[in-house]
Amino acid sequence: TIYSSYPYGCRMPVIQGISGIPQILQSIADASADTFDAAAPDLLVNAGAALLRIAAERKEGWYASLPPVLPLHGEMPMTPEVLGARLRSKRFAILYFSASWCSPCHRFTPILAELYAEQNEELEIIFCHGCTEEEKHLDYIATMPWPVFQWAGSPSAYAFNRAKVRAAGHPQGWLAAKYDIQSVPAAVLLDAQTGRLLCADVKRQITLGVGDSETGEPDQKAYENSTALFAKWGKL
């Protein structure tokens with residue numbers, strides 16, 4: 001193993017592909033607290049939180065690290081066991097990033113709801129907000145037939161923070177950052193069993209996106225029937 005010099009005499013292995021990761025983690029676990037004096041507290045907190053999420057996913061399932069999920073608007077959050085059982089009964093999961101202030105989101109949501117009504121035995125959708133006001137957020141999710149992540153304020157530690165929020169110096173929420181969400185609406189398609197990413201954004205496989213933002217007309221479906229669409233997703 002090739003080592004690199006770090007402050008306070010701590011010898012850390014240089015990453016040489018994935019094989020170096022276990023040695024690095026072990027070195028961190030074995031290091032004394034003063035080894036990390038030069039690191040900013042926020043960096044340590046973010047790194048620790050990320051490792052805890054990864055450990056939870058490995059031990060309990062990919063959904064274990066998700067923020068609290070409400071079965072429907074106004075209900076209590078599901079336990080990880082209940083959420084896990086619900087997801088394990090489905091083939092696909094969509095993390096739906098959307099916001100009350102977003103006109104394209106309001107046009108896309110009815111088409112997504114139609115798909116969910118047809119295929120909710122095989123599909124789970126979880127709404128991840130990009131809203132900046134709680135009252136408007138609550139009004140928006142009241143129209144949704146699927147589970148929603150619990151409101152966590154704006155800026156959010158996990159959800160989508162719009163450009164003007166980030167421009168004010170706030171980072172992107174970790175869940176939105178994990179899936180590289182640049183704008184809303186976005187529909188991240190996952191294998192519900194494993195959490196494997198199947199498609200970074202299936203929005204345009206669901207809607208043609210030709211709705212009228214001024215009249216509120218919904219977008220048009222991009223698929224002829226949901227069974228054929230799911231057969232396509234099954235090959236991903």
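Helix 2, residues 41-60, supplies the largest share of the lining of the second largest pocket, with four residues. Keep in mind that this is a predicted model. The volume of that second largest pocket is about 260 Å³.

Now the aromatic side chains. How many aromatic pairs does a search of the whole structure find? The count is ten aromatic pairs. One of them joins Trp62 and Tyr63, edge-to-face, with 6.3 Å from centre to centre and 75 degrees between the planes. Both Trp62 and Tyr63 are buried.

Another pair is Tyr116 with Trp146. Why is it called edge-to-face? The ring centres of Tyr116 and Trp146 are 5.6 Å apart and the planes stand at 85 degrees, and the cut-off for edge-to-face is over 60. Tyr116 belongs to helix 4, residues 103-119, while Trp146 sits in the loop between helix 5 (134-141) and strand 6 (148-149), so this pair ties together parts 30 residues apart in sequence. Tyr116 is buried, at 6% relative accessible area. Trp146 is buried too, at 0%.

Tyr116 and Trp146 also belong to one aromatic cluster, together with Tyr96, Phe108, Phe127 and Tyr140.

Last, a charge over a ring. Arg162 lies over the face of Trp101, 3.7 Å from the ring centre.

Conventions: Residues numbered from 1 in each chain as written. Predicted model: local features only at pLDDT ≥ 70, side-chain atom pairs only at ≥ 80, totals over all residues. Heavy atoms only, no water. Phe/Tyr/Trp six-rings, centres within 6.5 Å; stacked < 30°, edge-to-face > 60°. Buried < 20%, exposed > 50% of the residue type's maximum accessible area, 1.4 Å probe, protein only. Helix = DSSP H or I, 4+ residues; strand = E, 2+ residues; numbered from the N terminus. Lys NZ or Arg CZ within 6 Å of the ring centre and 35° of its normal. 1 Å grid on protein atoms, 1.4 Å probe; cavity = no way out; pocket = protein on both sides within 12 Å on 5 of 7 lines; lining within 4 Å. Points joined across faces, edges and corners; volume = space filled by probe spheres on them.
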